[in-house]
Amino acid sequence: MNDQTETTDVTHDLKIVTFTLCGHMFGIAMTSLLEIREWEEPTPLPGVPHYVRGVTNLRGNVVPVVGLSERLGWAPSETHARSCILVVNLDGKQAGFLVDEMNDIVTVSVAEIQPPPALDGADTSMISGLVRVVDRGGDNAETTQGDKSAMVLLIDVPALSLTRHLDAAA
Amino acid sequence: MSKLILTVDDSASMRMLLKVSLTAQGYAIEGAEDGCKGLERMKELDPDLLITDINMPHMDGFELIEAVRALPEFRGTPILVLSTEFSDEKKSRARNAGATGWITKPFDAEKLGAAIRRVCS
Amino acid sequence: MSEDKELDEIQAIFFEECVEGLGTAEAGLTAFANGDISAEVIAGVFRAVHSIKGGAGAFGHNALLTFAHTFENVLDRVRAGDIAATTEIGQHLLSAFDTLSDHVSAAMGRADVPQDGTALAGLNALLAGEAPAAAATHPIPSPSAPEPASQPAEADDMGFVPVAVALDLEDFDAPAIAAPEGNGNDGPWRISFAPSRAAMANGAEPLLVVRELERMGARVIHADLAKLPPLRELEPEQGYIRWELLLDGSVEQQELDECFDFVAPDSLIEYRREGATITAANEPEAIVAPEAEIVTAADLSNPDDERTPPVSAPPVLSIVPSAPPPTAMPAGDAKMLDAAAQTIRIDVTRLDMLLNLVGELVIRNSILNDRLAAEDQERVELPQLARLTREIQDNVMSLRAQPIRQAFSRVPRIVRELCAATAKQVNLEVQGEGTEVDKSVIEKIGEPLTHMIRNAIDHGLESPEERIAAGKDPVGTVRLSAEQKGARIVIRVADDGRGIDRERVRAKAIEKGIVAADTPLTDEDIDNLICAPGFSTAETISNISGRGVGMDVVRTNVEALGGRIEISSTPGQGTSFTMVLPLTLAILDGMIVRIDGQRYVVPLAHVVESIRPNPGQVKALSPTSEVIDLRGSYVPVRRVSDIFGLSAHDRRCPEESLVIIAESDTAGCIGLMVDTIDDRRELVVKSLDQNLYPIAGLSGATILGDGSIALILDIDALVSAANSSGARFTLKGMAA
């Protein structure tokens, strides 16, 4: 929700939280993030798209848990000890994203964010931009020639449209 | 320092409407919902201007004005009446009670601002 | 926050106030119409209507403003004793009140603007017909042209009127508005202003008026200090200076009038256009002035005020203060104490959030309870903590509770309308309006309640003639009551009418094929037939309640709320309909069941019985469908996991399962096959659409004592789905 507005303001820095999905590094704006929780198997729901893994109890709220990897079209995440749930705020609604591993919180300059290149046949509608960050951990992430910097795909959280019934029914 | 105005009106929407209109014109606004509360708030806040409704429970606007004027510290504090009533009898009663001026509801923010400027520097 | 949004929010508060105000006005007018004509009652009604008018003006609801204004005028005259406060007038006012309510609804966008011609004419007739003698000396405004038409334009009419002015007021018709424009009269204004001694009374500051004139573009061309005494003789509150100002001619006279609005009436105020002979007055010949026409700052817009004595015009300007008007007011008017308790408005979502947090607290408590041994529980004072937590939960629940008065408030009007339509006479008695119910319930009982009231008056009560013939009071009584009994709320509508004609009900039910002719029926059974779908006993179905449709709907609605309807009737003495409802819809009595490792909640209101099937009691109709033999009738049996398409890895045979017979409100029964029943308890209902969207087959979710989530089954939807073979909800596999 804030990725969009903040990228337009090129003089600002943007804090992003980075994590890995299928070995690729992704990021979302810190402003969307509410909290990070350990993975817990959610209660499955009937009649929902495959990427909605179920609902979980978050401080008394019933919150959907989304397999972010499959939502983005990658292979479904295998859950393991380092799996966690990023709880995000999405237009006043909450959702949990299953991610393979948390990586870091980094500050990037908005000016350095590149729009995703248009590629034939690739659906990049859920990616708001690309940015290079210094990698301080995350063995799984693609590091480039030992210079310890990595490319982060910034996720356009509203574009995931998790709470729209029509989209889910499709 | 912005001027402090106390608005006394039993309608919360009217108080808020005044607050929005007048805050936009640079005034600081406090509110009270009836004459009794208004009198207490007057003593507590010592505002630069009092704007009061007439028809209110517990203590109406006339009584409030009289009570305020009876206190020496408020002898020179301007008081505007803001009411839907516009009968001469009521206006005259308000002036005799000690009101400085009378504004008829519904008010228009600009005219209200002008009215305030004429009683409160 | 944008200003528009802010205004919308303020307007929402105004509408809440309108609803409260309407409630006050209706209660007062009802008391009035019943003969309780006290100054307090009238003042209360007046204030309520007055506030509605004030807000209507502020938010630009002109139709509402116009009507409320006329209504208020009538009330003002009643208050002043100019219109006799009779019960008959009370009835008139009540019907005007109904139109006012319609206007409020229209302003809220919930209805079209009502046709208020008749009601307005009625009010104007009251104003005209009962006009006080004083008005005879001056014509009052024509009733057909009510003042509010010009009222919004008077928004700028600020000022004190009671000044006598040395002008012929008789010929002076509202100069502030009637100032002629565009006739070449746009010479610059020359203004003289000499504040009087009184000009600084009441906290006024004449200098600010000069400043305001300067803001408008005026220049002070001369300050006459001739009267200024030596400093030691100077009285700070005395005015000594006379200012002369020049102001651009494009400023309208009305603006000048406004500027001097608050200035003490005995000050010298003159303004005239230089080099012009026409003044703002529309009848210049009425003004005699030495050099040019002079207009005073006095507000002249009320020429019909009989207290302003007409003064023949002397050649000089003189303004004298009028005598103070009588200050007598109806005793008690101002002092009336409202019973309104101190309140604070809170966004409901915040309350819900609080409820969630407290629910979480309760859950954490029970987790601790599970994990700690009994002696450890005592050691850490867990029982005390649990009790406190429960108390907090109860308190938070009570915050959502509201008096049922809100739902009852529509009833008096319905009764009035029905009385008019049926020519019956009804005395409505209301009890227990203060009973508090969760807001979710209040929002939903309106319609059933309306049907019950209509039914009681249309069908329960006899005509006055019939009642007299039966030796009864011609005025029938309808009692509406509410009381809390444990976790339920009991709402009763009782009439003292003819009672249910059981013979006729029975005959009709047989004729309609609802019961077989030889079915033995108790009185209670017969009474309950009234709520059967498609039943109708009225010889001619009236257009008011359309019996049969009405009570059928009542039962459906009440059952949808998890409640039930009870009917009792005594021939010749009356009938009572009782709704028994849960106190809240946020809390549900549920049975927690386990199937294939998942837990679900079956709302207890739907559970008929639970059965451990005997061998052979569950029979397969096809490889995918089963029925249970329930004392000779066959009920379809489904596993929730099958309905949802959940893979069953550990399928139990029917004899090791339990079958819960659940009844839907609309589509019959279903047997739900489950592995075990874990618990039966009260649960806090959480909606799925709060963070996702509604899901077919589920009515929500709840959080169990261990913090996990159980889905609440929507029995109606499941029964419909089970009965139509094609429909199947799918639940994704667990091994994703």
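Two rings of Phe, Tyr or Trp (its six-membered ring) form a pair if their centres lie within 6.5 Å, and planes under 30 degrees apart count as stacked, over 60 as edge-to-face and the rest as tilted. By this rule, Phe19(A), Phe26(A) and Trp74(A) are linked into a cluster by ring pairs. The model is predicted, with local features needing pLDDT of at least 70, side-chain atom pairs counting only at pLDDT 80 or more, and totals for chains, interfaces and linings using all residues. Residues are numbered from 1 along each chain as its sequence is written, chains are lettered from A in the order in which they are written, and side-chain values use heavy atoms, leaving out hydrogens and water.

Over all chains, the search of the whole structure finds 6 aromatic pairs. One of them is the edge-to-face pair of Phe26(A) and Trp74(A), with 6.3 Å centre to centre and 80° between the planes. Phe26(A) in strand S2 (residues 24-29) and Trp74(A) in the loop between helix H2 (68-71) and strand S6 (84-90) are 48 residues apart in chain A; helices (H or I, at least four residues) and strands (E, at least two) are DSSP runs, numbered from the N terminus. Phe26(A) is buried, at 1% relative accessible area, whereas Trp74(A) is partly exposed, at 34%. Here, buried means under 20%, exposed over 50% and partly exposed in between (1.4 Å probe, protein chains only). In chain C, Phe14(C) and Phe15(C) make a tilted pair, 5.5 Å centre to centre with 40° between the planes, and both residues are buried.

Charges also meet rings. The charged end of Arg71(A) sits over the ring of Tyr51(A), 4.6 Å from its centre (the CZ of Arg or NZ of Lys must be within 6 Å of the ring centre and within 35 degrees of the ring normal).
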